[in-house]
Amino acid sequence: MNFEILRIGQRLVRDDRVTTHVALVSRAFGASKIYMNEVNPEIKDTLEKINSTWGGDFEIEFVDDWKKVIKEKKAKSVKIIHLTMYGENINDVESKLQKEDKVLIIVGAKKVPREIYDMADYNVAVGHQPHSEISSLAVVLDRIQKGNQFLAKYENPGRRIIPTKNGKNVVINERMD
Ligand SMILES: C[S@@+](CC[C@H](N)C(=O)[O-])C[C@H]1O[C@@H](n2cnc3c(N)ncnc32)[C@H](O)[C@@H]1O
């Protein structure tokens with residue numbers, strides 16, 4: 001399955017770290033790309049450094065018009081999953097979501113515009129209590145992929161971790177580029 005993420009809105013300055021973490025979770029949990037608006041452009045450098053150190057080609061695209069992104073995805077049969085505490089409980093819809101082929105997952109920062117609820121194919125709640133876009137995204141990506149995202153190999157990493165019971169074991173790779 002191909003996953004992309006759309007993060008809408010940010011509370012300027014205050015949300016910089018949260019925004020970075022939304023992108024980090026997206027990358028580490030198997031998404032190929034994140035679209036963002038209203039963000040600090042430095043986030044692109046941060047994620048480029050992460051790709052260079054830990055591998056893969058996770059992309060960030062800054063967008064002005066989030067509606068256009070959703071419409072273009074829908075035209076390509078990408079299913080739109082909007083994460084909101086008001087939606088259907090993830091426990092009830094996860095099996096349907098696991099069968100989808102291409103998805104765009106939308107998370108908000110502040111109150112999201114009402115029309116997103118209508119544009120979405122699924123409005124999904126990770127429980128019906130307010131928490132965060134970081135946690136809700138991580139849970140949904142994990143439920144959809146059933147943990148398999150943690151087996152993924154990232155292409156051409158500068159460093160690779162050898163899992164150990166104790167301490168840190170990191171291999172510095174000969175770069176392919
Ligand atoms: C800090 S919350 C903002 C909540 C905002 N007060 C509202 O009314 O939508 C930011 C984002 O986290 C996600 N989120 C928070 N709690 C959630 C939950 N229980 N289930 C699914 N997504 C959630 C949603 O995508 C939401 O837009």
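Reply: Helices (H or I, at least four residues) and strands (E, at least two) are DSSP runs, numbered from the N terminus. The model is a predicted one, where local features need pLDDT of at least 70 and side-chain atom pairs count only at pLDDT 80 or more, while totals for chains, interfaces and linings use all residues. Residues are numbered from 1 along each chain as its sequence is written.

Me: What makes up the protein chain, in helices and strands?

Reply: By those DSSP runs, it has 6 helices and 8 strands. Starting at the N terminus, the order is β-α-β-α-β-α-β-α-β-α-β-α-β-β.

Me: What does "around the ligand" mean, and which residues come nearest?

Reply: A residue counts as near if its C-beta atom, placed from the backbone, lies within 6 Å of the molecule. That picks out 18 residues, with Leu-83, Met-85, Gly-108, Glu-133 and Ser-136 coming nearest. The elements giving two or more residues to this shell are β4 (79–89), β5 (102–108) and α6 (133–145). The largest share, 3 residues, is from β4.

Me: How do you know that α2 has the span expected of a helix?

Reply: The expected span is 1.5 Å times one less than the number of residues. Helix α2 (residues 42–54) has 13 residues, and its 19 Å from first C-alpha to last is close to the expected 18 Å.

Me: Why is a set of residues called a nonpolar core?

Reply: The name goes to buried Ala, Val, Leu, Ile, Met, Phe, Trp, Tyr and Cys residues joined through C-beta atoms within 7 Å. Buried means that 20 or more other C-beta atoms lie within 10 Å of a residue's own. The largest such core has 35 residues, and Ile-81, Leu-83, Ile-105, Ile-106 and Leu-137 touch the most other members. β5 gives the most to this core, 5 residues.

Me: Which residues is Ile-105 in contact with, beyond its neighbours within four places in sequence?

Reply: Contact means C-beta atoms, placed from the backbone, within 7 Å. By that test, Ile-105 is in contact with Phe-3, Ile-5, Ile-81, Leu-83, Leu-137 and Val-140, leaving those neighbours aside.

Key. Buried ≥ 20, exposed ≤ 12 C-beta atoms within 10 Å, placed from the backbone. Contact = placed C-beta atoms within 7 Å.
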